[in-house]
Amino acid sequence: RDYKVTGVQTCALPISMSGSDAQAKLRDIRTLIQSEKYEEAIELCDDVIQKSLDGITYYHKYDRFFLG
């Protein structure tokens, strides 16, 4: 497969990945992309996506009414 490296942007990360853990994951993803280890980078991205979706689900289930 051909992949185009467009960079990794930090946006809203899930609560379970706050702080240094989130930054470490993003740093690892960048390193894997630079090393052309795309499949491993995709696996880490999938993990970030799943945790983000879990965070959104939690927000909609519990915090939406309190946080607006």
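Trainee: What percentage of the residues in the protein are buried?
Mentor: Buried residues, meaning those under 20% relative accessible area with a 1.4 Å probe and protein chains only, make up 18% of the 68 residues. Please keep in mind that this is a predicted model, where local features need pLDDT of at least 70 and side-chain atom pairs count only at pLDDT 80 or more, while totals for chains, interfaces and linings use all residues. Residues are numbered from 1 along each chain as its sequence is written, and side-chain values use heavy atoms, with hydrogens and water left out.

Trainee: OK, and how many helices and strands are there?
Mentor: The protein has 2 helices and 0 strands, where helices (H or I, at least four residues) and strands (E, at least two) are DSSP runs numbered from the N terminus.

Trainee: Which residues form the largest nonpolar core?
Mentor: That core has 5 residues, namely I29, L32, I33, A41 and V48; a nonpolar core is a set of buried Ala, Val, Leu, Ile, Met, Phe, Trp, Tyr and Cys residues joined through side-chain atoms within 4.5 Å. Helices α1 (20–34) and α2 each supply at least two residues of this core, and the largest share, 3 residues, comes from α1.

Trainee: What does A41 touch, leaving aside its neighbours within four places in sequence?
Mentor: A41 is then in contact (heavy atoms within 4.5 Å) with I29, L32 and I33.

Definitions and conventions
Buried means under 20% relative accessible area, exposed over 50%, partly exposed in between (1.4 Å probe, protein chains only).
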